[in-house]
Amino acid sequence: MIQFFQAVAGRTERAGGVEGSPGVEARRAMVLGAILLLALALRIVYLVEIADQPLFDTPMGDPWYHDEWTKRIATEGWLGTESFFRAPLYPYLLALIFQVSDHSYLAPRIVQMAMGVLGIFLIYLLSRRLFSDARVALVASLMGALYGILIYFEGELLIPSLLVVLDIGAILVLLGAHRRPRMWKWIGAGILLGLSAIARPNILLFLPFVLAWIWWSAGAGARSGTESGETSAPVRISSRRRTLAALALCLCGVGVIVAPVTIRNYMLGGDLVLIASQGGINLYLGNNPVADGRTARMPPGQVPERLIRAEQIRLGRPMTLSERSRFWYARTLNSITEDPIAFARLFGRKLYFLVNSYEIRNNQDIYFFRRYSTLFRLLVWRLDLPGPFALGFPFGLLLPLALAGMVLAGRPEPEHLIVYLFLASYGLSIVLFFVCARYRVPLIPFLIPFAALAVVRGIDRVRRRDLRPLIVPAVVFLGTSLVADSRLAGVDTDTFAQQHFWNGNAYVRRGEYRAGLEEFAAALEIEPGFPLAHLNRGAIFYRLGNENEALAEVRRELEVNPESAEAHHLLATILRETGRPDQAVGHALSAWELDPWMTEAEVNLALVYFDLGRLDEGEEILISLAQRRPDEAGVHEALGKVLAARGDVRGALAAYARAVELEPERDSYQYRLGLLYGRLGDLPQAERHLARAAALDPLRAKYHADLGTVYLRQDNLAAAQEELVRARELAPDQAEVEHNLGLVALRQGRIAEAREHFLRALDLDSGLDAAREGLRMTSER
């Protein structure tokens, strides 16, 4: 590797030409082209390798949030219906890509990989602008091409790849405007900063430093020209008037992008939200009394929705989004002022996390993800060392090299200063909230040029045997390495349990329940008390019809997490639906008391009361719910169940139709509506809704069984047999299914086969008179 760097960093005069000559520039362009092709090839290899991992087309966490946002854009329109909670640029870009690619999960990754290659080219341009040395620029572009964390985030439905391009672009345009001022350059820099702000608003902390830099660098340029006796400085802003114009134009560029978002928020929400309203809650998540500096964590017993609702009750009115954000800002300030020493310790801890080589997870575990890609295993790794140290590559090498390069760069020029200001302000914006790998990605492209400078100048000095100028940079390198590669403050305490849990959820969403069970079991093997793992296993077992295993898993969840409203709710649901309302009522009450705002828990309690014969209590709950939450589909479903049980089929039909209207993708609502249409004899409508339920959840045997029955009633024997066979595959011991398969065979003239089905049905249920009647019919033919 050192020989390669020597070759790339070798003097251009020895390359066969004079610095700046066409031949030299052509060779540099060829080397740069080869590096960009290498970067593209690596990204294609990586994309092919990760295509089969479970979260590729089943996003979880923030990628899921972005994916759901694009679906809302598709249904609600591009304007939307309310003020933005999160910054909108990336989801809107994602929605555009999905729109032209038929919601392909490969398409945005291809676009982001292309952005990644563009980002490497921009790193090359930035390095040349900073150091006027093509050797440094080529080494920097090679570092960017091989930087595994950049490649990783280009493969996720997340913002970093977009931010890298916007932020480097903004700095490049600022440097270009500083060197040769033009109106369009100042406006262009502002536009790029504005775009970055509506992708992630914390870039706004950098904006005051940009304005100060424009003012300072203009003064520095004017002083430099005066001291050298020049009457004009064509590459500097030479007058206060031009400086003020530059400041105004830059701000206008930012405003051109940000103002429409603010106006849109005000039009839809009636509230002044600059870009997004999540700043307050995020700040509290990163700075509350139990914050650890690396995860979004709330104090025990504090549920954001509950606190907001309580505040709204205190105020006697709903809170606007900006008021909610200010509510969280105020709580953060209270937390800081109550214990400033704890806040200072937390702030120092977050600074340490920011410069540490460990890649802190936020969604997926980056080190777990290495198992999906051989290339990624080579480019990102962590090696345990003796004592409290672990070599983390690549950040554990990049940061020490970059700081050594800053020392070698000497007294900062204005070009260097704007990069330093970006690194400091953006780094501060991360530390103010909480630190994770994806938040610090925008810093990486600005560290790479200085790391490349350290490599190139270090090799030069070694070749000349002039080592004295390297002493201070070497000390900085070693000192930084000791901090970056240390293992203090619980920086690397993650286990893979969380990732197995995410994978399990992904498999469940894809309908691969057995794989989901295995992933949840793996999470529990690593952390036996991992929250929600037993609960999710219980939900899967119940979905698969294994009630005993379901009950056992939910009870295990309550052993490790007795305050889980979700676990009490699921246990109550299973007990109620299996005919044990007397055992369900206590858990239903516990679920409601633990989370009074969980509509499902309140509905479930009403249904338990109904099953216990306490009709007035159950009806009172449902009536109250319908008044308080008329747009909750679960309330209408519960009303449908009650009305159907009382024989009011048409009333139940109306209730279920409303539930389906509110949540058309809920399979259970479609199923119940189909059954009601079947009771009324409207078989085409019954078929439509039952088929939709079976499509939404193809592993529910009863959906296929009842759909097969509807086909049988319509004399569509081929379709009936297909659905009934599928139901038998999923649940082999259903007497009704065997009986209906016998009827299909009988009508098709397959008498012997029909007889076998009827006998099998009687084996499963000796009291099934319909099967006995079927046997009689086969003996008559």
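Contact here means heavy atoms within 4.5 Å. By this criterion, Ala588 touches Ala572, Asn604, Leu605 and Val608, not counting residues up to four places away in sequence. The model is predicted: local features need pLDDT of at least 70 and side-chain atom pairs count only at pLDDT 80 or more, while totals for chains, interfaces and linings use all residues. Residues are numbered from 1 along each chain as its sequence is written, and side-chain values use heavy atoms, with hydrogens and water left out.

Ala588 lies in helix α26, residues 581–594. Helices (H or I, at least four residues) and strands (E, at least two) are DSSP runs, numbered from the N terminus. Ala588 is buried, at a relative accessible area of 1%. Buried means under 20% relative accessible area, exposed means over 50%, and partly exposed lies in between (1.4 Å probe, protein chains only). The C-alpha atoms of Ala588 and Leu764 are separated by 34 Å. These two residues are 176 residues apart along the chain.

The overall picture of the chain is as follows. The secondary structure comes to 37 helices and two strands. Along the principal axes, the C-alpha atoms fill a box of roughly 115 × 60 × 50 Å. The protein chain has 781 residues, of which 52% count as buried. Among contacts between residues at least 6 apart in sequence, 67% join residues at least 24 apart. The accessible surface comes to about 34900 Å², and 59% of this belongs to carbon and sulfur atoms. Accessible areas come from the Shrake-Rupley method with a 1.4 Å probe; for residues, only the protein chains shown count as cover.

Charge was examined next. The chain has 83 positive and 84 negative charges, and their mean positions are 11 Å apart. Lys and Arg count as positive and Asp and Glu as negative, whereas His and the chain ends are not counted. The place of a charge is taken as NZ of Lys, CZ of Arg, CG of Asp or CD of Glu.

Side chains of opposite charge can pair when their charged atoms come close. The structure holds 40 salt bridges. A salt bridge is a side-chain nitrogen of Lys or Arg within 4 Å of a carboxyl oxygen of Asp or Glu. One of them joins the side chains of Glu25 and Arg128, at 3.5 Å from N to O. This pair links distant parts of the chain, 103 residues apart. Glu25 is in helix α2 (residues 22–50) and Arg128 in helix α5 (residues 107–131). Glu25 is partly exposed, with a relative accessible area of 27%. Arg128 is also partly exposed, at 26%.

Glu68 is partly exposed at 22% relative accessible area. Lys71 counts as partly exposed at 35%.

Arg361 and Asp494 also meet through their side chains in a salt bridge, at 4.0 Å from N to O. Arg361 lies in the loop between α15 (340–355) and α16 (374–379), and Asp494 in the loop between α20 (471–484) and α21 (497–509), so the pair ties together parts that are 133 residues apart in sequence. Asp494 counts as buried, at 19% relative accessibility. Salt bridges that share partners join Arg294, Arg361, Asp365 and Asp494 into one network.

Helix α22 (residues 513–526) has 14 residues. The distance from its first C-alpha to its last is 20 Å, close to the 20 Å expected at 1.5 Å a residue. The expected span is 1.5 Å times one less than the number of residues. Buried residues of α22 include Tyr513, Leu517, Phe520 and Leu524. Their cover includes α21 and α23. Asn536 is in α23 (residues 533–543). Asn536 is buried, with a relative accessible area of 18%. Asn536 touches Phe501, Asn505 and Phe520, not counting residues up to four places away in sequence.

Helix α17 covers residues 395–409. Its 15 residues should span 21 Å, and its end C-alpha atoms are 20 Å apart, which agrees. Twelve of the 15 residues are buried, so α17 is largely enclosed by the rest of the structure. Among them are Phe395, Leu398, Leu401, Met406 and Leu408. Gly410 follows α17, with a positive phi near 75 degrees.
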